[in-house]
Amino acid sequence: MLIKSRNTHDCLESEVTDYSLYMQRRRFIETSAKGFGLAMIAPSLLLSACSEASPGSDTTTSAGKQDQELTPYEDVTTYNNFYEFGLGKSDPAKYATKFNVKPWTVKVEGAVENPGTYDLEDLLKGMQQEERIYRLRCVEAWSMVIPWYGFALADLIKKLKPTSTAKYVQFETLYDPKQMPGQRGRALDWPYVEGLRLDEAMNPLAFMATGLYGKDLLGQNGAPFRLVVPWKYGFKSIKSIVAIRFTETEPPTSWNITNSGEYGFYANVNPKVNHPRWSQRKERRIGEFRKRPTLLFNGYGDEVASLYQGMDLKRYF
Ligand code: MTE
């Protein structure tokens, strides 16, 4: 099931191409683009056999201009953090094989003009679907480069219409210990919750993913839809969302509840602020041995630094 709200004439090359071929072609396109000085063209424009399908926004960012060799699909779908399915990196792929995401409803509540319980398909109606290559940098100092498929979070928020008192948005993951064996233990305070300041959520980089590599999200990656916030540590990118809540005050977030000394609300990628137990200066790209330097805001500073002007990033970590 690939949740589509784009027109039937729209198509993604990855939908008609085997993914390994898609990947090879993708790498070729990217390399060629660099060689021919096309790096400013949106990846979706370069890719698309049906260019009509390409949305307006140019998602090539300051980080997008760096080396963006894609992490193999195999790694993206077998090396995961999804504690609802277990604490080991291979547990989510092992225990999410039968994860049922149909039907899927999403509760919208709080300071919002259009509250209600929506079928996911209805919620996604009218969203401009597109592909974006984003690097996800986990707080554990590894990263992956993933071709996500989905839509801008800002578009969804505009559809839901928060009221003028809304300052934050909170997201909540499904709580279903029958399907999610990890929830039978107390590793975290279930359900998993995460949040953003509303202006962060409205930033054009904030993304809701329904797929990756041109395929629907698998359970381990947060099916049927999840957040991707590329300038923040991976734990902000909450999976398998069943509730979206608009609030006036900063909402609680799972890792902050669990250990506020180690995990702040903001969680912006910052090589100068170490995790209390390890350095954040470098990271290992999954599939590589060498370490790469970690970049402030994961390299997306041009797009997001203004959100934090005047804030002490050591205090608001
Ligand atoms: N969302 C939920 N509900 N539960 C989780 O345990 N882990 C987070 C985030 N979203 C997590 C979650 C962490 S720590 C990371 S690094 C990313 O998911 C990993 O996403 P990926 O497995 O798709 O790479």
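Modeller: Helices (H or I, at least four residues) and strands (E, at least two) are DSSP runs, numbered from the N terminus. This is a predicted model, where local features need pLDDT of at least 70, side-chain atom pairs count only at pLDDT 80 or more, and totals for chains, interfaces and linings use all residues. Residues are numbered from 1 along each chain as its sequence is written, and side-chain values use heavy atoms, with hydrogens and water left out.

Colleague: OK, where does the ligand sit?

Modeller: The ligand sits in the largest pocket. A pocket is, on a 1 Å grid over the protein atoms alone, an open set of points where a 1.4 Å probe fits, with protein on both sides within 12 Å along at least five of seven lines. Sitting in it means that more than half of the molecule's atoms lie within 2 Å of the grid points.

Colleague: How many residues surround the ligand, and which are the closest?

Modeller: 16 residues surround the ligand, and the closest are N80, Y83, E84, R226 and K239.

Colleague: What's the shell like by class?

Modeller: The shell has seven nonpolar, six polar and three charged residues. Ala, Val, Leu, Ile, Met, Phe, Trp, Tyr, Cys and Pro count as nonpolar, Asp, Glu, Lys and Arg as charged, and the others, Gly among them, as polar.

Colleague: What does a nitrogen atom of the ligand find in the side chain of T173?

Modeller: An N or O atom of the T173 side chain, at 2.9 Å from a ligand nitrogen. The backbone takes part as well: a polar backbone atom of N81 is 3.2 Å from a ligand nitrogen, and a backbone N or O atom of Y83 is 2.8 Å from a ligand oxygen. A polar contact is a pair of N or O atoms within 3.5 Å; within protein, one must be able to donate a hydrogen and the other to accept it, and residues adjacent in sequence count only if both atoms are side-chain atoms.

Colleague: And how much of the ligand does the protein bury?

Modeller: 98% of the 530 Å² that the ligand exposes when taken alone. The areas come from the Shrake-Rupley method with a 1.4 Å probe.

Colleague: Changing topic. Which peptide bonds are cis?

Modeller: The one from W190 to P191 is cis, with omega near -5 degrees, and so is the one joining A223 and P224, with omega about 0 degrees. P191 is in the loop between β5 (168–173) and β6 (193–197), while P224 is in the loop between β8 (215–216) and β9 (226–228).

Colleague: What about phi at K161 and N298?

Modeller: Neither is a glycine, yet phi is positive at about 60 degrees for K161 and for N298. Most residues other than glycine have a negative phi.

Colleague: Is N298 buried or exposed?

Modeller: N298 is buried at 0% relative accessibility, in the loop between β12 and α9. K161 is partly exposed at 41%. Buried means under 20% relative accessible area, exposed over 50%, and partly exposed in between.

Colleague: Where is T253?

Modeller: T253 is in the loop between β10 (241–247) and α8 (254–258), buried at 2%. Its C-alpha is 4.6 Å from that of E194, 59 residues apart along the chain.

Colleague: And what does the side chain of D91 reach?

Modeller: The backbone nitrogen of L87, at 3.3 Å. D91 is in helix α4 (residues 91–95) and is buried, at 15% relative accessible area.

Conventions. A residue is near a molecule or strand if one of its heavy atoms lies within 4 Å of it. On a 1 Å grid over the protein atoms alone, a cavity is a set of points where a 1.4 Å probe fits but cannot get out, and a pocket is an open set with protein on both sides within 12 Å along at least five of seven lines; lining residues have an atom within 4 Å of a point. Buried means under 20% relative accessible area, exposed over 50%, partly exposed in between (1.4 Å probe, protein chains only).
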